[in-house]
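Please look at the sequence and the model together, and follow the text with both in view.

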Amino acid sequence: VRTQMCGDCTALLSAVTAHLRPYRRIGHAVKVRPAVYVPLDIELRVQVLPHHLRGHVKAALRRVFSNRVLPDGTLGFFHPDNLTFGKSIHLSALVAAAQSVEGVEYVAVTRLKRYFELPNQERELGRLLIGPFEIPRCDNDRNFPENGSISFIMEGGR
């Protein structure tokens, strides 16, 4: 994917390349490229324990899978500090994060893919592969779904 860059970005990439050139290993080229954000499209089917309210559990899931600093100081699953270049999104990590929410009995990942693309066996592989110059993103903002979204199908509970 080729992205159009502003003049300042081009200048910054050139400056970083020039700064790194003296430190490169003999016989190796230095390649500096901008990051490409990969918006995610995720859906979780959540079974709620009978004595818990679905709405409360869903609100807690939204907090856990946010891109913000949570009230207790921990980072949401999709906080930028938790995501970096080439770090794949594993189904097991999604399930573990959802299972950590009080009132969740069972979680199944029903959709995991790049936002603008068709599924590419991510669920079968157990992870969504992210390339070396890509950073996964899931802001879950209804006004900007192109920045990634996560939805929950809630079952059970009260």
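What follows goes through strand pairing, cysteines, a pocket and a histidine.

The model is a predicted one, in which local features need pLDDT of at least 70 and side-chain atom pairs count only at pLDDT 80 or more, while totals for chains, interfaces and linings use all residues. Residues are numbered from 1 along each chain as its sequence is written, and side-chain values use heavy atoms, with hydrogens and water left out.

Strand 1, residues 36-48, runs parallel to strand 5, residues 134-137, and is joined to it by 4 bridges, with Val38 having Pro136 of strand 5 as its bridge partner. With strand 3, residues 104-114, strand 1 pairs in the antiparallel sense over 9 bridges, and here Asp41 is partnered by Lys113. The pairing of strand 1 with strand 6, residues 149-156, is parallel and comprises 8 bridges, and in strand 6 the bridge partner of Glu43 is Ser151.

The cysteines come next. A disulfide is a covalent bond between the sulfur atoms of two cysteines, taken here as a pair of cysteine sulfur atoms within 2.5 Å; by this rule the count is 0 disulfides. Cys9 counts as partly exposed because its relative accessibility is 34%, whereas Cys138 is buried, since its relative accessible area is 1%.

Strand 6 returns in the description of the second largest pocket, to whose lining helix 2 (54-64) and strand 6 each supply at least two residues. A pocket is an open set of points, on a 1 Å grid over the protein atoms alone, where a 1.4 Å probe fits, with protein on both sides within 12 Å along at least five of seven lines, and lining residues have an atom within 4 Å of a point. Among the residues lining the second largest pocket are Arg62, Arg63, Phe65, Asp139, Arg142 and Ser149, and the lining divides into 3 nonpolar, 3 polar and 6 charged residues.

Finally, His79 lies in the loop between helix 2 and strand 2 (89-90). Is this histidine, His79, buried or exposed? His79 is buried, because its relative accessible area is 11%, and its side chain reaches the backbone nitrogen of Asp81 at 3.0 Å.

How values were computed
Pairing = 2+ DSSP bridges. Buried < 20%, exposed > 50% of the residue type's maximum accessible area, 1.4 Å probe, protein only. Nonpolar A, V, L, I, M, F, W, Y, C, P; charged D, E, K, R; others polar. Polar contact = N/O pair within 3.5 Å; in protein donor to acceptor, adjacent residues only side chain to side chain.
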